[in-house]
Amino acid sequence: MEIPYTIETREDTGVNNAKLGIWLFLASEVMLFGALFTTYILLRIGSADDWSQLNDILNVPLATLNTVVLISSSVTMVMSWASLMMKDFKKYKLYMGLTILCSFGFLIIKYFEYSAKFEHHLYPSTNTFLAIYFTMTALHGLHVIGGIIVNTYFWGPGSKMWNTQPERFTNRIEIAGLYWHFVDLVWIFLFPVLYLL
Amino acid sequence: MSLKTFHIFFISLSVLTAIGFGVWLLNENAPVFAVLSFLSGIGLIVYGISFLRKLKHVSFI
């Protein structure tokens, strides 16, 4: 039995089922991260301490580098999808491979950042700011790992679908791209909120 | 919303981030890096326009 509406658009929703599914999932993710951002704001405005000084211990150059890496990865991700629409599978492999490399680059930079904090005995238990810093960045890091798993599957064994159902495979990459863009978008908010303000 | 639309939205926010970061760097007395940040914002705008031109046949939905 075939799964319906994997490629064709449903009349009632105006999109295919895969796209509807990912947007419902991303809506739940917005609520999850939205709750954490709200928590951060409420804790900050309710605190007697000056939080604008607390983030001086964070490494802005490394976070900036990570921002550049994630923006680049969103560009390579969308290029991998565009390559499939132009029926260029070789370019897809190249761009998706670059996306995965950027994702690993982000995690490696994050590892150095976390290591420096732990070396200076800065833990989530040190203060409220670091507690929410580690919570939000670690949760975001878990989402990056999730993206790596999905993208690596589509780069490797999952890409065999291109030979049998190219349109469906292209749709899958679009869905993975929407998820990846959401993960990048969360970082675009985390960077100024945690590191700069 | 298609990946094309979401990408344009993401690039627009990235441009705002680059400009905001540039202003923050100016306040931190780092004008050279501030200029780099503004230039990267302009670079992202140029990229966004070329991206839209390249994928003009793809739906926004």
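What follows is a working chat about a predicted model.

Colleague: Let's start with chain A, so how many helices and strands are there in it?

Modeller: Chain A of this predicted model has 7 helices and 0 strands, and read along the sequence it follows the pattern α-α-α-α-α-α-α.

Colleague: What does the C-alpha trace of chain A span along its principal axes, and what share of its residues is buried?

Modeller: The C-alpha trace of chain A spans about 60 × 35 × 25 Å along its principal axes, and buried residues account for 48% of the 197 residues in that chain.

Colleague: Take helix α4 of chain A, how far apart are its end C-alpha atoms?

Modeller: They are 45 Å apart, which agrees with expectation, because the 31 residues of helix α4 (residues 89–119) of chain A should span 45 Å at 1.5 Å a residue. The helix is followed by H121(A), where phi is positive, near 55°.

Colleague: Which side chains meet in a salt bridge in that helix?

Modeller: Those of E113(A) and K110(A) do, at 3.0 Å from N to O, and the two residues both lie in helix α4 of chain A, 3 residues apart, about one turn of the helix.

Colleague: Are those two buried or exposed?

Modeller: Both E113(A) and K110(A) are buried.

Colleague: How many salt bridges are there over all chains?

Modeller: A search of the whole structure finds 3. One of them joins K19(A) and E174(A), whose closest N and O atoms are 3.2 Å apart; this pair links distant parts of the chain, with K19(A) in helix α1 and E174(A) in helix α7 of chain A, 155 residues apart.

Colleague: And why does K19(A) count as buried?

Modeller: K19(A) is buried because its relative accessible area is 7%, where the cut-off for buried is under 20%. E174(A), its salt-bridge partner, is buried as well, with a relative accessible area of 6%.

Colleague: Which side chains meet at 2.8 Å, N to O?

Modeller: That salt bridge is between D12(A) and R10(A). D12(A) counts as exposed at 58% relative accessibility, whereas R10(A) is partly exposed, its relative accessible area being 26%.

Colleague: Changing topic to the rings, how many aromatic pairs are there over all chains?

Modeller: The count comes to 28 aromatic pairs. Among them is the pair of F154(A) and F169(A), which is edge-to-face, with 6.2 Å from centre to centre and 80° between the planes.

Colleague: Why does that one count as edge-to-face?

Modeller: It counts as edge-to-face because the planes are 80° apart, and the cut-off for that class is over 60 degrees.

Colleague: Which residue lies over the face of W155(A)?

Modeller: K93(A) does, at 4.7 Å from the ring centre.

Colleague: Over to chain B, what is the reach of helix α1 there?

Modeller: Helix α1 (residues 3–27) of chain B has 25 residues and reaches 36 Å from its first C-alpha to its last, close to the 36 Å expected at 1.5 Å a residue.

Colleague: What follows that helix?

Modeller: α1(B) is followed by N29(B), a residue other than glycine with a positive phi near 60°. N29(B) is placed in the loop between α1 and α2 of chain B and counts as exposed at 69% relative accessibility.

Colleague: What is the phi of Y5(A), back in chain A?

Modeller: Y5(A), also a residue other than glycine, has a positive phi near 55°. Y5(A) lies in the segment before α1 (17–46) of chain A and, at 31% relative accessibility, counts as partly exposed.

Colleague: Last topic, which residues form the nonpolar patch on the surface of chain B?

Modeller: The patch is formed by V32(B), F33(B), V35(B), L36(B), L39(B), I42(B) and V46(B), which together have about 700 Å² of accessible area. V46(B) has its place in helix α2 (residues 31–54) of chain B, and at 52% relative accessibility V46(B) counts as exposed.

Notes
Residues numbered from 1 in each chain as written. Chains lettered and ligands numbered in written order. Predicted model: local features only at pLDDT ≥ 70, side-chain atom pairs only at ≥ 80, totals over all residues. Heavy atoms only, no water. Phe/Tyr/Trp six-rings, centres within 6.5 Å; stacked < 30°, edge-to-face > 60°. Lys NZ or Arg CZ within 6 Å of the ring centre and 35° of its normal. Patch = residues over 30% accessible without salt bridge, like charges linked within 9 Å, V, L, I, M, F, W, Y side chains within 5 Å. Areas by Shrake-Rupley, 256 points an atom, 1.4 Å probe, with all protein chains shown as cover. Salt bridge = Lys/Arg side-chain N within 4 Å of Asp/Glu carboxyl O. Helix = DSSP H or I, 4+ residues; strand = E, 2+ residues; numbered from the N terminus. Buried < 20%, exposed > 50% of the residue type's maximum accessible area, 1.4 Å probe, protein only. Expected span 1.5 Å × (residues − 1).
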